Amino acid sequence: MELVGRTTGCFRWMQTNLFSTPLNTMLTLISIWIIYISVPPVFQWAFLNADWVGNSREDCTKEGACWVYIGFWFKQIMYGRYPETEVWRINISYLLLVGSLVPLLIPRFKYKGFVTIFLLFVYPVISYFLFIGDSFGLLLVETPLWGGLFLTLVISLVGIVASLPIGILLALGRRSKMPIVRALSIGFIEIWRGVPLITVLFMSSVMFPLFLPEGMNFDKLIRALVGVMFFSSAYMAEVVRGGLQAIPKGQIEAAEALGMNYWNTMFLIVMPQALKMVIPGIVNSFIALFKDTTLVLTIGLFDLLGTIQIIGTNAEWLGFHIEGYVFTAFIFWIFCFGMSRYSMHLEKKLHTGH
Amino acid sequence: MPKQTEVQKPNQMPTTDDCMIQLNGVHKWFDDFHVLKDINLTVNRGERIVICGPSGSGKSTLIRCINHLEEHQKGQIFVEGTELTGDLKHVEQIRREVGMVFQQFNLFPHLTILDNLTLAPIWVRKMPKKEAEDLAMKYLERVKIPEQAKKYPGQLSGGQQQRVAIARSLCMNPKIMLFDEPTSALDPEMIKEVLDAMIELAHEGMTMLCVTHEMGFAKTVANRVIFMDEGQIIEEKEPIEFFNNPQNDRTKLFLSQILAH
């Protein structure tokens, strides 16, 4: 098909990309038709015919989505059954987290090491006391009351932050020349990878207490957290090991020839290169973990999805399942897409020099 | 296939202080392949030894045994009087005194040139950062590329990278420098700059053990030229004798092949 008309601009782009060959033209027309029959109805349902403002079921008058439903249950969706008067503690923790992350994103900030140490060691302790309470004059809020997006974030952040260092150690252990270390690492990885997460959660919740002596009891959330941590560490170990295998042997030889010991070689030379190479794999694991946290519903913990499910059974608000699931999907998508975009940014930034 | 190194007997230890490297009856196997057969070699302080031979003769393996990148199964290797065994502490101690330059440069691509040079002094010799950086700049000037300090290895040419590799080894102040075919991966026009750096090093009295095909270099600075074939040292002579009057037939064959062009 001859290209006529102006040489630049939107029209030319369309000619080159959408209508350049008969096949392309046909595909373009079919795509336009598909968009025409699917997008406007969804847009109408979600925005034009939707109810946005209101306090109760009676305010859901239009045929579209009733976002009043989400607005009404917003506190539960965000915090679960956490007492409303204590929600400020969670919010302080969120602010602290975001406030500490911001300096890390500024390129020229000089004290990134201190902020990182704070985030890894001090912040979890502060958050623990804020969430649980029962000290410093704060009211005790036990873990069965934690829920909604708050619980999802707690489980995924603990899993994500723990899985990387444990995974790195397991990957190094698996490649070690010491037979016992290697056997233990392989054993750990294969056991925790070989069992579905739902089974891990089940066993941690139901079977594990059977092995404990009388009277000793671990909080159910802690058991679930340990299960999630070990499960994702096993996956992370294999991702990291892939990166380690790609590092040329000459790098290690050069480091050894300079007299560097094993740990110096690993953490100054090999790991920076290996981890950079497997950023896609690592972020993939993080995103999968974030979504896998929904499985805790099976052991009676009510994360974001679990809370939406529970709300859906409320007698006064029957029939709004679609709004609930669409909203949940939207929240998950925001977090996962955010992680994905940050990973792209990180990869671009780390490409400096080579 | 023997797997242990023999027990060190006192009367086999090197007797003079000047002896930097001593190999006694060294054998090595890669699985069933006998790659080093009864190697006996002495290198004294300030000597420059060039090892040449056809590929597969074991020359690289030989020098890699000296800093324990390869492990020998039989015989003894002494570096500066310390025996090389599996003992990690001895190995690390020896590696601090022995520098190595590789055919593939093996610079650390994620660090700047300056960081490449200061890494080992800071982490192994526990030098303060400023002192390490001054040291690094001194050696970068020695190899004539101080302006590249802030660049990354990927931005340098092969000849520059190899000179950086030499400077990196020198920053650890080694007593012995091992060169494993340092110019074999370089374009011809860059070979000279690297050889010049090595010749300068030789004139300063560094003990050097060099596996190379650059016979011009051997003629210029070597005290001895060693010819290896199939894991054995066939001939070991001073350069003039070696090139003009080779005794062994295999040496003659090899020389005729490489000096043909």
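Reader: Among contacts in chain A between residues at least 6 apart in sequence, what percentage join residues at least 24 apart?

Author: This is a predicted model, in which local features need pLDDT of at least 70 and side-chain atom pairs count only at pLDDT 80 or more, while totals for chains, interfaces and linings use all residues. Residues are numbered from 1 along each chain as its sequence is written, chains are lettered from A and ligands numbered from 1 in the order in which they are written, and side-chain values use heavy atoms, leaving out hydrogens and water. A contact means heavy atoms within 4.5 Å, and among the contacts in chain A between residues at least 6 apart in sequence, the share joining residues at least 24 apart is 64%.

Reader: Where in helix 12 of chain A does a kink lie?

Author: Helices are DSSP runs of H or I with at least four residues, numbered from the N terminus, and helix 12 of chain A covers residues 262-277. The bend at a residue is the angle between axes fitted to the seven residues ending there and the seven starting there. The kink, of about 45 degrees, comes shortly before the proline A:P272, at A:V270.

Reader: Are helix 10 and helix 12 of chain A roughly parallel or roughly perpendicular to each other?

Author: Axes are lines fitted to C-alpha atoms, for helices over the stretch in contact, and angles run from 0 to 180 degrees between N-to-C directions. The two helices pack at an angle of about 115 degrees, with their axes 8 Å apart. Angles under 35 degrees count as roughly parallel, over 145 as roughly antiparallel, 65 to 115 as roughly perpendicular and the rest as oblique, so helix 10 and helix 12 of chain A are roughly perpendicular.

Reader: Which residues of helix 12 of chain A do A:V240, A:G243 and A:L244 meet?

Author: These three residues belong to helix 10 of chain A. Their partners in helix 12 of chain A are A:V270, A:M271, A:A274 and A:L275.

Reader: Which residue caps the N-terminal end of helix 12 of chain A?

Author: A side-chain oxygen lies 3.3 Å from the backbone nitrogen of A:W263.

Methods
A polar contact is a pair of N or O atoms within 3.5 Å; within protein, one must be able to donate a hydrogen and the other to accept it, and residues adjacent in sequence count only if both atoms are side-chain atoms.
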